[in-house]
Amino acid sequence: MPLSSLAISALALLNERAMHPYEMYQLLLERHEDRIVRVTPGSLYRTVERLTQDGLAEATGTAREGNRPERTTYAITAPGRTALVDRIREILREPVNEFPTFALALAEAHNAPASAVCADLRDHLKVIDGELADIDCLVAKARARDIDEAYWVTADYIRHMTVAQQDWINGFITRLEKGDLSWPHPQP
């Protein structure tokens, strides 16, 4: 069975260094990787447990700090490194249909009045503006900390894709409002 997105993220973190799942969770949040992979503390613990059962990660020790519960530290295994790189390369080679909900909404938008669709898309654009501002801030912080671009290239990719989406939505709204696009429900 192929590695899930969260399994890839977990193995990638363990490829950096041995750590416990809560530390991994904190790093994912700190690096804003929760924007590209769905993660909760529970899902991460279950993923690390599954990786360990599959021989892709291994427990390397248990420690307790103060009154905190015991924490088990995990490390990636040689088969884990191989599985990580193989899965990343497979994803890079073969496009996957991710069934985006926004595309579904666009496919069925003709069921709503054109004016409502335009209003909703303008709200969508406001959210996109905020996302772009967040991405720009993250990139500026990475550059200020002199972090190699290879570690934040995803932010650049997401920014370009988001700008393309923004441009398309603006063009779609213009076509709809000018009447250049026939619409089954023009007005409420």
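Contacts across the chain

Contact here means heavy atoms within 4.5 Å. Among contacts in the protein between residues at least 6 apart in sequence, 62% join residues at least 24 apart.

Basis of the model

The structure is a predicted model, in which local features need pLDDT of at least 70 and side-chain atom pairs count only at pLDDT 80 or more, while totals for chains, interfaces and linings use all residues. Residues are numbered from 1 along each chain as its sequence is written, and side-chain values use heavy atoms, with hydrogens and water left out.

Overall layout

The protein has 7 helices and 2 strands, arranged along the sequence in the pattern α-α-α-β-β-α-α-α-α. The radius of gyration is 21 Å, well over the 16 Å that the globule rule gives for 188 residues, so the protein is more spread out than a compact globule. This radius is taken over C-alpha atoms, and the globule rule is 2.2 Å times the number of residues to the power 0.38. Helices (H or I, at least four residues) and strands (E, at least two) are DSSP runs, numbered from the N terminus. Along its principal axes, the C-alpha trace spans about 65 × 40 × 35 Å.

The domain assignment gives domain 1 (5–93) and domain 2 (101–178); such bounds come from an automatic or database domain assignment. The C-alpha centres of domain 1 and domain 2 are 30 Å apart.

Surface and burial

The accessible surface of the protein comes to about 12500 Å², and 53% of this surface belongs to carbon and sulfur atoms. Areas come from the Shrake-Rupley method with a 1.4 Å probe; for residues, only the protein chains shown count as cover. Buried residues make up 28% of the 188 residues. Buried means under 20% relative accessible area, exposed over 50%, and partly exposed in between (1.4 Å probe, protein chains only).

Helix H2 and its cover

Helix H2 covers residues 21–30, and its buried residues are Pro21, Met24, Tyr25, Leu27 and Leu28. Seen down the axis of H2, these buried residues fall within an arc of 165°, so they line one face of the helix. The arc is that of the directions from the helix axis to the C-beta atoms. An α-helix has 3.6 residues a turn, so residues three or four places apart point the same way. What covers the buried residues of H2 includes helix H1 (5–16), helix H3 (41–53) and strand E2 (71–76).

Leu14 lies in helix H1 and is buried, with a relative accessible area of 3%. Not counting residues up to four places away in sequence, Leu14 touches Met19, Met24, Ala57, Tyr74, Ala75 and Ile76. Leu14 and Gly80 are 66 residues apart along the chain, and their C-alpha atoms are separated by 9.3 Å.

Helix H3

Ser43 is placed in helix H3 and counts as buried at 16% relative accessibility. The side chain of Ser43 reaches the backbone nitrogen of Thr40 at 2.9 Å. This is a polar contact, that is, a pair of N or O atoms within 3.5 Å; within protein, one must be able to donate a hydrogen and the other to accept it, and residues adjacent in sequence count only if both atoms are side-chain atoms. Leaving out residues up to four places away in sequence, Ser43 touches Leu6 and Arg38.

Gly42 is also in helix H3, but counts as partly exposed at 29% relative accessibility. Gly42 and Trp152 are 110 residues apart in sequence and 26 Å apart in space, C-alpha to C-alpha.

Helix H7

Thr162 is in helix H7 and counts as buried at 8% relative accessibility. A polar atom of the Thr162 side chain lies 2.7 Å from the backbone oxygen of Ile158. Aside from neighbours within four places in sequence, Thr162 is in contact with Ile128, Glu131 and Leu132.

Loop residues with positive phi

His32 is found in the loop between H2 and H3. Its phi is near 60°, a positive value in a residue other than glycine. His32 is partly exposed, with a relative accessible area of 33%.

Asp146 lies in the loop between helix H6 (114–144) and helix H7 (153–178). Phi of Asp146 is near 55°, again a positive value in a residue other than glycine. Asp146 is exposed, with a relative accessible area of 66%.
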